[in-house]
Amino acid sequence: MSVSEDKNELRKIYRAKRREIQGRKEAESAMLEKVLSSNEYIGCGSIFTYVSVKTEADTAELILKSLESGKKVAVPVCNDSDCTMEFFYIESPEDLTAVSSFGIPEADAKCKKAE
């Protein structure tokens, strides 16, 4: 089995495990509150986060609250040609207009690259 096949198999396994989580919304709310109340979050001027899809822990509220509090929010953009990832700042959820080859919302081309 190739590395790519191994990764795909692991992804399937963990997607299934995430679908089985009981009390998912409560767990996500608790995680969000833990992040928002942490000294690291309170003291930072910017955050780098993924944009959640399907069974992943939801990051939409984190993104919204961060933007509302004046923090810079950077999200990943995948470059399929060389399998790299770069981060770009968004100013609102409406900036997530592009879609990666994996079906994940990404920052619009007008967004500024995070340094």
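Asp 95 is buried, with a relative accessible area of 8%. That value, like the others I will give, comes from a predicted model. The cut-off for buried is under 20%, so Asp 95 falls within that class.

What does Asp 95 pair with? It forms a salt bridge with Lys 110, and the closest N and O atoms are 2.8 Å apart. Lys 110 lies in the segment after strand E5, while Asp 95 sits in the loop between E3 and strand E4, residues 98–99, so this pair ties together parts that are 15 residues apart in sequence. Is Lys 110 buried or exposed? Lys 110 is exposed, at 61% relative accessible area.

Next, a second pair involving the segment after E5. The side chains of Glu 86 and Lys 113 meet in a salt bridge, at 2.7 Å from N to O. Glu 86 belongs to strand E3, residues 84–90, and Lys 113 to the segment after strand E5, residues 105–106, so the bridge ties together parts 27 residues apart in sequence. Both residues count as partly exposed: Glu 86 has 33% relative accessibility, and Lys 113 has 36%.

Now a pair within one helix. Glu 61 and Lys 65 form a salt bridge through their side chains, with 3.6 Å from N to O. How many residues apart are they in helix H4? They are four residues apart in that helix, which runs over residues 60–68, and this separates them by about one helical turn. Glu 61 is partly exposed at 37% relative accessibility. Lys 65 is partly exposed too, at 31%.

How many salt bridges does the count come to? It comes to five. Some of the bridges share partners, and these join Arg 24, Lys 25 and Glu 28 into one network.

A positive surface patch is formed by Lys 7, Arg 11, Lys 12, Arg 15, Arg 19 and Lys 54. Residues in a patch must have over 30% relative accessible area and no salt bridge. Take Arg 11 as an example. Where is it found? Arg 11 is in helix H1, which covers residues 3–19. At 40% relative accessibility, Arg 11 counts as partly exposed, and its value is therefore over the 30% that a patch requires.

Notes
Residues numbered from 1 in each chain as written. Predicted model: local features only at pLDDT ≥ 70, side-chain atom pairs only at ≥ 80, totals over all residues. Heavy atoms only, no water. Patch = residues over 30% accessible without salt bridge, like charges linked within 9 Å, V, L, I, M, F, W, Y side chains within 5 Å. Areas by Shrake-Rupley, 256 points an atom, 1.4 Å probe, with all protein chains shown as cover. Salt bridge = Lys/Arg side-chain N within 4 Å of Asp/Glu carboxyl O. Lys, Arg positive; Asp, Glu negative; His and termini not counted. Charge placed at Lys NZ, Arg CZ, Asp CG, Glu CD. Helix = DSSP H or I, 4+ residues; strand = E, 2+ residues; numbered from the N terminus. Buried < 20%, exposed > 50% of the residue type's maximum accessible area, 1.4 Å probe, protein only.
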